[in-house]
Amino acid sequence: MAGLYIHIPFCKQACHYCDFHFSTNLQLMAVMMDSIIEELKLRKEYLKGEAVDTIYFGGGTPSLVPAEYLEKILDQISALFPGRKQEVTLEANPDDLNSQALATWKSLGIDRLSLGIQSFQDQILKAYNRAHNSKEATQAIQLARAAGFEKFSIDLIYGYPHSDHRLWQLDLEEALCLDPGHLSAYSLTIEPKTTFGNWTKKGKFCPAEDEFVAQQFEYLQERCDKAGYIQYEISNFSRPNQAAVHNSNYWKRSPYLGIGPSAHSFDGSSRGFNPSSNTSYTKALSAGSLPFVVEKLTPEECINEEILTGLRTRWGLDTGSLAERYHLDLLEIKKGSITKLTELGMIHTEAKTLTLTRKGQLLADSIASDIFIDSDDLS
Ligand code: SF4
């Protein structure tokens, strides 16, 4: 089974923390939608006949796309990749939600919403330069539910520096009160090419201390656990059977086709990406050519990617499967690091599967790099 990702590169305004690819110039909307349809046609063989069972509209802001374009794209997908879809997700911002839009999305077969709430506190939403306020955030969930969306996710951000733990606790309480089936929570990361990044460079913004962010993450883990949510990936929590199928398949390394500027694809053995430029993307497609760039991965890069993503998940890193596919006994090769990390209470090994403990999740990236392999390990 494979996934299909459509990147919608438009937003109303730039959030101060965001380094995803988007433009606030919506004039290219119509041309962009035609280009996306063109790319779908040109790349229909990428998945080598694998059935597509999840579709994910991400961005950018997919909820900005007029319904007639969404319909055209979905019709094209049905023609190229027929068959029932298990999950069709649309990322939506609260300020774009109204009863009519929701009814239309539902009629088009969209059955899951990923709602970019980020915070329920007006002062934080303002600091992030979000286009919605806290009232619209709450209303969005009520509207989605009233429109019959049984599957939706609330996205939150923690670790805003000029605040205290109380505001994060309030955010989490408000989210949990709304009883979503799914919750994603990411720490605020300061990326260089963002407003916050620029302010940090100029000394006008001071990112939060690691300890402050770690305390909020620990609170998240404990509170979601108490509320009955399963942490199936470091940043993702769900009610039983409400985990995002599309995203879970990424982490299980199923193939996916990414369409639109900046979208990445993976065919099971190699990956690649489109340019992060709306103009270059649409120009190439108008001329009938594909702007897709293939990224060649060495076997050790593939294995290290599996280590990184596997460790982030609840199901963990299956070293038995690595041994079968790559003739690599990771438990033996990295015995020293794994023993040390186990003694430190960072990882847990059961039936050849490595998982991070709660404590280990705080240091996921550095733990993964401790057990990364290099080419000598494969010879
Ligand atoms: S966070 Fe979302 S809405 Fe804000 S700029 Fe980034 S993609 Fe657009």
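Domain bounds in this analysis derive from an automatic or database domain assignment. The structure is a predicted model, in which local features require pLDDT of at least 70 and side-chain atom pairs count only at pLDDT 80 or more, whereas totals for chains, interfaces and linings use all residues. Residues are numbered from 1 along each chain as its sequence is written.

The protein chain is assigned domain 1 (2-251) and domain 2 (299-378). Their centres, taken over C-alpha atoms, are separated by 29 Å. Nine residues of domain 1 and eight residues of domain 2 form the contact (C-beta atoms, placed from the backbone, within 7 Å). On the side of domain 1 that touches domain 2, helix 8 (210-226) and strand 7 (230-233) each contribute at least two residues (DSSP runs numbered from the N terminus: helices, H or I, at least four residues; strands, E, at least two). Strand 7 provides the largest share of this side, four residues.

Helix 1 (residues 29-42) packs against helix 10 (residues 278-286) at an angle of about 55°, with the axes 9 Å apart (axes are lines fitted to C-alpha atoms over the stretch in contact, and angles run from 0 to 180 degrees between N-to-C directions). Helix 1 is therefore oblique to helix 10 (angles under 35 degrees count as roughly parallel, over 145 as roughly antiparallel, 65 to 115 as roughly perpendicular and the rest as oblique). Helix 1 contributes Val31, Met32, Ser35, Glu38 and Glu39 to the contact, and helix 10 contributes Asn278, Tyr281, Thr282, Leu285 and Ser286.

Residues surrounding the ligand include Cys11, Cys15, Cys18, Phe20 and Phe22 (C-beta atom, placed from the backbone, within 6 Å).

Terms used:
Contact = placed C-beta atoms within 7 Å.
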